[in-house]
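Colleague: I have this one open now and have not looked at it before. Can you walk me through it?

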Amino acid sequence: MAGKEGESMLVRKIEEGTVVDHIPDWKADTVSQVLRLDKLARMQADVSVAILQNVESKTLGRKDVIKIDRWHVDERDADILTLVFPTITVNYISEWKVSKYEARVPDAIEGRVRCPEVLCITNAEREPVVPRFTTLKKDRLLQCQYCDAVLGFDRVPEYVRT
C-alpha cells in the first residue's frame with residue numbers, strides 16, 4: 001500500500017528519550033555498540049530500545065533508526081557517532097516535544113576511544129592515563145595526543161571503550 005492509508009507506525013511514539021535517525025542501512029548495530037546500548041539495557045530496567053533496520057527513507061533510500069525510551073544519548077557520544085556516520089540526526093524527546101541536536105565532529109575526544117597503538121601509555125594497565133585524541137577533520141583521522149598514532153573515523157567503533 002502507498003500513501004497515508006498504507007502508512008503505519010512500526011514503533012509507537014515516545015514521551016521521553018532519544019531517536020537516532022538517518023543511520024545508513026544495516027549499520028544500527030555499530031551505533032548500538034558506540035552508544036553501549038546492550039550495557040544500558042542491562043543496567044536501566046525501565047529503558048526500552050527499538051532498532052529498525054532497512055526502513056524507507058526519502059533522503060537515503062534505506063536507513064536504520066534507533067528509538068531509546070526514557071534515556072537521552074550523551075551529546076559527546078552523538079558527536080562521536082558523527083565521525084563515523086555524518087548523516088545521522090539525534091532527536092531528544094521531552095514530554096512528547098522533539099528537539100534536534102546538531103551533532104558535530106568534535107575537536108578532541110577524551111576517554112571514550114582506546115588508542116590503536118598497543119604500546120601507547122594509555123593502554124598500559126598500570127598507568128592511569130586517559131586517552132586523548134585530536135581530530136584531524138580534513139583527513140578524517142583521530143591522532144593520539146601521547147603517541148601520535150592515527151585512527152580513521154571509520155574504525156572508531158572498534159576502539160570505543162565499553
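Modeller: A term to begin with: two strands pair if DSSP finds at least two bridges between them. Helices (H or I, at least four residues) and strands (E, at least two) are DSSP runs, numbered from the N terminus. This is a predicted model, where local features need pLDDT of at least 70, side-chain atom pairs count only at pLDDT 80 or more, and totals for chains, interfaces and linings use all residues. Residues are numbered from 1 along each chain as its sequence is written, and side-chain values use heavy atoms, with hydrogens and water left out.

Colleague: Fine. What stands opposite Thr18?

Modeller: Tyr92 in S4 does. S1 and S4 pair in the antiparallel sense, over 6 bridges.

Colleague: What is the strand order in that open sheet of 5 strands?

Modeller: The order is S2-S3-S1-S4-S5, with antiparallel pairing. Strand S2 (48–57) and strand S5 (97–101) are at the edges, each pairing on one side only.

Colleague: Back to Tyr92. Is Tyr92 buried or exposed?

Modeller: Tyr92 is buried, at a relative accessible area of 10%. Buried means under 20%, exposed over 50%, and partly exposed in between, with a 1.4 Å probe and protein chains only. Tyr101 is buried too, at 11%.

Colleague: How many aromatic pairs are there?

Modeller: The structure has 1 aromatic pair. The ring centres of Tyr92 and Tyr101 are 6.2 Å apart and the planes are at 50°, so the pair counts as tilted. Rings of Phe, Tyr and Trp (its six-membered ring) pair if their centres lie within 6.5 Å; planes under 30 degrees apart are stacked, over 60 edge-to-face, and the rest tilted.

Colleague: Other topic. What about the open sheet of 4 strands?

Modeller: Its order is S6-S7-S8-S9, and the pairing is antiparallel. Strand S6 (108–110) and strand S9 (150–152) are the edges with a single partner strand each, so one side of each has no neighbour in the sheet. S6 pairs with strand S7 (residues 132–136) over 3 bridges, and Ile109 stands opposite Phe133 in S7.

Colleague: Which residues touch the most other members of the largest nonpolar core?

Modeller: Leu142 and Val156 do, out of 35 residues in that core. A nonpolar core is a set of buried Ala, Val, Leu, Ile, Met, Phe, Trp, Tyr and Cys residues joined through side-chain atoms within 4.5 Å. H4 gives the largest share, 5 residues.

Colleague: And what lies apart from it?

Modeller: Another core, of 6 residues, including Ile14 and Leu52.
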